[in-house]
Amino acid sequence: MTRLTLSLFIMRVSVAAFFAVWAVEKLVKPESAVAIFDRFYGISGLPVGVAYAIGAVQLLLVLAFLVWARWRAITTGLLLAMHAVSTLSTWQQLAAPYEGGNHLFWAAVPTLAALIALFLLRDEDRFLTVG
């Protein structure tokens, strides 16, 4: 196994774990997702059932990203687009990192960079995958 192979695998697993936490939260605490959609995306009154559905779809996407190499361009691209929108929606918190707990929003930035790297190197990332 090369260092590149191991590095990509570690990035893929850690990015999947990062997204799994957020997807599962929509399933176990959907009211939190409703509040986030209201505050950061301007979508008021998101039905709880929609939060559950979004969480389920995101969890399936994360699992596909984790194991199916054949769909890597699609799954990584979708996660990258989703996370880019999410990160950009917090630009005010990113611009003021020392107010309140805003510095925690900066965790999204290296995750975005990891997704870009995984997308660019998707053809090299095949360790422990199907397809």
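## The segment after α6

In this predicted model, Leu128 is found in the segment that follows α6, and its backbone has a positive phi of about 55° although the residue is not a glycine. With a relative accessibility of 57%, Leu128 counts as exposed, because the cut-off for that class is over 50%.

Asp125 is likewise placed in the segment after α6, the helix that spans 108-120. At a relative accessibility of 1%, however, Asp125 counts as buried, since that class takes in residues under 20%. The side chain of Asp125 makes a polar contact with the side chain of Arg12, at 2.9 Å. When residues up to four places away in sequence are not counted, Asp125 touches Leu8, Phe9, Arg12, Arg72 and Leu118.

## Helix α1 against helix α3

Helix α1 covers residues 3-28 and helix α3 covers residues 48-67; their axes come within 8 Å and cross at roughly 165°. That angle makes α1 roughly antiparallel to α3, because angles over 145 degrees fall into that class. The crossing of these two helices, α1 and α3, is left-handed.

On the α1 side, the contact is formed by Arg12, Val13, Val15, Ala16, Phe19, Ala20, Ala23, Val24, Lys26 and Leu27, which meet Ala51, Tyr52, Ile54, Gly55, Ala56, Gln58, Leu59, Val62, Phe65 and Leu66 of α3. By residue class, the contact of α1 with α3 divides into 16 nonpolar, 2 polar and 2 charged residues. Arg12, listed here among the α1 residues that meet α3, is also the residue whose side chain makes the polar contact with the side chain of Asp125.

## Helix α1 against helix α2

The axes of α1 and α2 come within 5 Å and cross at roughly 110°, and the two helices are therefore roughly perpendicular to each other. Trp22, Glu25, Lys26, Leu27 and Val28 of α1 make this contact with Pro30, Ser32, Ala33, Ile36 and Phe37 of α2. The residues of the contact of α1 with α2 divide into 7 nonpolar, 1 polar and 2 charged.

At 27% relative accessibility, Ile36 counts as partly exposed. Leaving aside neighbours within four places in sequence, Ile36 is in contact with Trp22, Glu25 and Tyr41. Ile36 and Ser14 are separated by 22 residues in sequence, and their C-alpha atoms are 23 Å apart in space.

## Helix α3 against helix α4

Helix α4 covers residues 72-88, and the axes of α3 and α4 come within 9 Å and cross at roughly 130°. The crossing of α3 and α4 is left-handed.

The contact is made by Gln58, Leu61, Val62, Ala64, Phe65, Leu66 and Val67 of α3 together with Arg72, Thr75, Thr76, Leu78, Leu79 and Met82 of α4. Its residues divide into 9 nonpolar, 3 polar and 1 charged.

Technical notes. Residues are numbered from 1 along each chain as its sequence is written. This is a predicted model: local features need pLDDT of at least 70, side-chain atom pairs count only at pLDDT 80 or more; totals for chains, interfaces and linings use all residues. Side-chain values use heavy atoms; hydrogens and water are left out. Axes are lines fitted to C-alpha atoms, for helices over the stretch in contact, and angles run from 0 to 180 degrees between N-to-C directions. Helices (H or I, at least four residues) and strands (E, at least two) are DSSP runs, numbered from the N terminus. Angles under 35 degrees count as roughly parallel, over 145 as roughly antiparallel, 65 to 115 as roughly perpendicular and the rest as oblique. A crossing is left-handed if the near helix is turned anticlockwise from the far one by less than a right angle, and right-handed if clockwise. Contact means heavy atoms within 4.5 Å. Ala, Val, Leu, Ile, Met, Phe, Trp, Tyr, Cys and Pro count as nonpolar, Asp, Glu, Lys and Arg as charged, and the others, Gly among them, as polar. Buried means under 20% relative accessible area, exposed over 50%, partly exposed in between (1.4 Å probe, protein chains only). A polar contact is a pair of N or O atoms within 3.5 Å; within protein, one must be able to donate a hydrogen and the other to accept it, and residues adjacent in sequence count only if both atoms are side-chain atoms.
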